[in-house]
Amino acid sequence: MPFLRAQDTISGQEGRAYATINGVVEEMFYLQNLEATAEKNKTEIRTLGRRGVQNKATGWTGTGSMTIYYVTSRFRQLMLDYIKNGVDTYFDITVTNEDPTSATGRQTITLRGVNLNSVILASLNTDAEALSEDVEFTFEDADMPETFSEVTPG
């Protein structure tokens, strides 16, 4: 009976992320976690001859969140630029998962048109060993220039 070898799972620490903001590429070494989800928008459709409701995809929505160590002012600067000048910045985030112990190789996803929903402007916490912040965002498109290889069962 085939099974997934533990060594072929992907370690969450083995990867890289880069933000491309106004043409400048910045490694997001301060990232603790990032998750982006594409969700279909659906409309319920009722038709003659069928008692049940069917669903039709009518679009999609890209949302995400990331937790970062509180060591960069980059996202606060973007939010302040919007607050003070009305300039709303859209940027790209590229995430590569690559665990050298896994036979799956690597996968790269680029989130396009990332736009921040909220940013912590100031933070203090006497109980925290290290300050971090949660940042929610939306995105408008995505590409996958590299895909994982097929896993050979054990």
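The legends below describe close-up views of a pocket and of salt bridges in a predicted model.

Residues are numbered from 1 along each chain as its sequence is written, and side-chain values use heavy atoms, with hydrogens and water left out. Local features need pLDDT of at least 70 and side-chain atom pairs count only at pLDDT 80 or more, whereas totals for chains, interfaces and linings use all residues.

**View 1. The largest pocket and its lining residues.** A pocket is an open set of points on a 1 Å grid over the protein atoms alone, where a 1.4 Å probe fits, with protein on both sides within 12 Å along at least five of seven lines; lining residues have an atom within 4 Å of a point. The largest pocket holds about 550 Å³ of space, a volume being the space filled by probe spheres set on the points, which are joined across faces, edges and corners. Its lining comprises 26 residues, and Arg16, Leu31, Leu34, Val95 and Asn97 lie nearest the centre. By class, 12 lining residues are nonpolar, 10 polar and 4 charged (nonpolar: Ala, Val, Leu, Ile, Met, Phe, Trp, Tyr, Cys and Pro; charged: Asp, Glu, Lys and Arg; polar: the others, Gly among them).

View 2. Strands are DSSP runs (E, at least two residues), numbered from the N terminus. The largest share, 8 residues, is contributed by β3.

**View 3. The salt bridge between Glu98 and Arg16.** A salt bridge is a side-chain nitrogen of Lys or Arg within 4 Å of a carboxyl oxygen of Asp or Glu; the structure holds 8 of them. In the pair of Glu98 and Arg16, the closest N and O atoms are 3.5 Å apart. Glu98 belongs to strand β5 and Arg16 to strand β1, so the pair ties together parts that are 82 residues apart in sequence. Glu98 is partly exposed at 28% relative accessibility, as is Arg16 at 31% (buried, under 20% relative accessible area; exposed, over 50%; partly exposed, in between; 1.4 Å probe, protein chains only).

View 4. Arg106 and Glu146 form a salt bridge with an N to O distance of 2.6 Å. Salt bridges that share partners join Arg16, Glu98, Arg106 and Glu146 into one network.

Note on methods
Helices (H or I, at least four residues) and strands (E, at least two) are DSSP runs, numbered from the N terminus.
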